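The entries follow the order in which I looked things up.

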Amino acid sequence: MEQLLQQIELYKQEIAAAEATNADMVEAFRIKYLGTKGLVKSVMGEMKNVPNDQKKAFGQILNDFKLFAENKFEILKQSIDDSQQSTANSIDLSLPGSPVSVGTRHPLSIVRNQIVSIFKRLGFAVSEGPEIEDDWHNFGAMNLPEDHPARDMQDTFYISQNPAWLLRTHTSSVQARVMEHQKPPIRVICPGRVYRNETISARAHCFFHQVEGLYIDENVSFADLKQTLYFFVQEMFGKEVKVRFRPSYFPFTEPSAEMDISCLICDSKGCNVCKHTGWVEILGSGMVHPKVLENFGIDSNKYTGFAFGMGVERICQLKYQVNDLRLYSQNDVRFLKQFTGAI
Ligand code: PHE
């Protein structure tokens with residue numbers, strides 16, 4: 001009797017420690033303990049040897065033992081089912097991966113980078129400066145004293161008066177900052193965002209982007225200006241493109257010229273973009289005014305220089321035929337997605 005109780009206790013320990021990591025092991029457990037020739041049955045068979053007065057108490061123990069084994073079997077079976085199910089839910093190696101949409105550079109960044117890389121190859125360095133400027137760097141140093149009528153050409157957002165702080169209207173302010181700190185030779189381009197108080201339409205916006213350039217050294221001539229800008233245009237738009245210079249006026253350059261290129265949209269046949277002239281203006285330029293050089297202590301008898309400024313939006317319009325300036329800042333994915341292939 002005593003021995004049988006000890007045996008049952010041992011079996012119970014064994015059952016408690018039993019583990020199964022697959023269905024075969026669960027089945028092996030069932031056969032060993034609950035099968036027709038299993039241990040539970042064989043222990044039950046001992047009942048006949050138990051004295052009558054102990055049969056009731058012993059029957060209770062045997063019953064508990066049977067339940068204990070059955071319980072464990074259910075637990076093992078459930079754990080296998082659960083793990084099979086969770087594997088099925090989490091990993092299906094046959095499914096296609098979730099697509100990761102590839103972003104794209106903004107068209108203005110693409111074009112700005114192209115402009116910068118062309119001028120870098122000519123030995124120009126890149127300078128950037130603040131978008132909030134003082135009056136001196138944006139206007140005064142550029143030979144636009146207060147009350148100068150040419151200030152009207154660039155309708156300005158003022159942040160404060162006396163002292164005047166404003167949103168820069170051109171990146172010439174960065175050229176001023178370069179001349180402040182650097183002695184000639186200077187060869188620099190200044191890309192960046194500029195602001196003007198214009199009514200927003202397809203052709204005008206209250207902010208846009210420029211790349212301005214400055215080249216100061218001994219013996220720099222208008223021929224250098226023309227050749228540099230001609231090289232730029234050919235690199236940007238191809239060898240076929242034609243250029244022309246028109247006399248113009250800027251307070252910071254003398255003489256000044258605007259440069260047009262042959263219209264790429266209509267092949268110079270006449271369209272809305274070139275206003276049926278076959279030519280599109282792309283930049284302003286000129287020889288740096290001696291007054292500007294002197295403002296920074298640069299000897300204008302020894303040094304000369306040229307400067308130019310172009311709008312990135314205009315270059316981008318000609319390159320990618322974007323006919324509404326507002327598209328650049330509306331964040332419309334249908335527009336932006338079209339530049340995925342460009343770099
Ligand atoms: N700063 C001028 C503008 O914003 C462009 C320019 C730069 C013209 C340099 C001539 C020389 O309109």
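I began with H170, where a polar side-chain atom lies 3.0 Å from a nitrogen atom of the ligand. The model is predicted, and I read the distances here accordingly. I then turned to E212 and found an N or O atom of its side chain 2.7 Å from a nitrogen atom of the ligand. For R196, I noted a side-chain N or O atom 2.9 Å from an oxygen atom of the ligand.

I next looked up the accessible area: the ligand taken alone exposes 330 Å², and the protein buries 93% of that.

Entry 3, origin of the shell. I asked which elements give two or more residues to the shell around the ligand. They are β6 (207-217), β9 (279-288) and β10 (304-311). I recorded that β10 provides the largest share, three residues.

I counted 14 residues around the ligand, and listed H170, S172, R196, Q210 and E212 as the closest. By class, the shell holds eight polar, four nonpolar and two charged residues.

I consulted UniProt, where an unreviewed entry places the feature "domain: Aminoacyl-transfer RNA synthetases class-II family profile" at residues 111-315. Over residues 111-315, I noted 33% strand and 25% helix. The end C-alpha atoms of that stretch are 7 Å apart.

How values were computed
Residues are numbered from 1 along each chain as its sequence is written. This is a predicted model: local features need pLDDT of at least 70, side-chain atom pairs count only at pLDDT 80 or more; totals for chains, interfaces and linings use all residues. Side-chain values use heavy atoms; hydrogens and water are left out. A residue is near a molecule or strand if one of its heavy atoms lies within 4 Å of it. A polar contact is a pair of N or O atoms within 3.5 Å; within protein, one must be able to donate a hydrogen and the other to accept it, and residues adjacent in sequence count only if both atoms are side-chain atoms. Accessible areas come from the Shrake-Rupley method with a 1.4 Å probe; for residues, only the protein chains shown count as cover. Helices (H or I, at least four residues) and strands (E, at least two) are DSSP runs, numbered from the N terminus. Ala, Val, Leu, Ile, Met, Phe, Trp, Tyr, Cys and Pro count as nonpolar, Asp, Glu, Lys and Arg as charged, and the others, Gly among them, as polar. UniProt positions are given in the numbering used here, feature names are shortened, and annotations may be inferred rather than shown by experiment.
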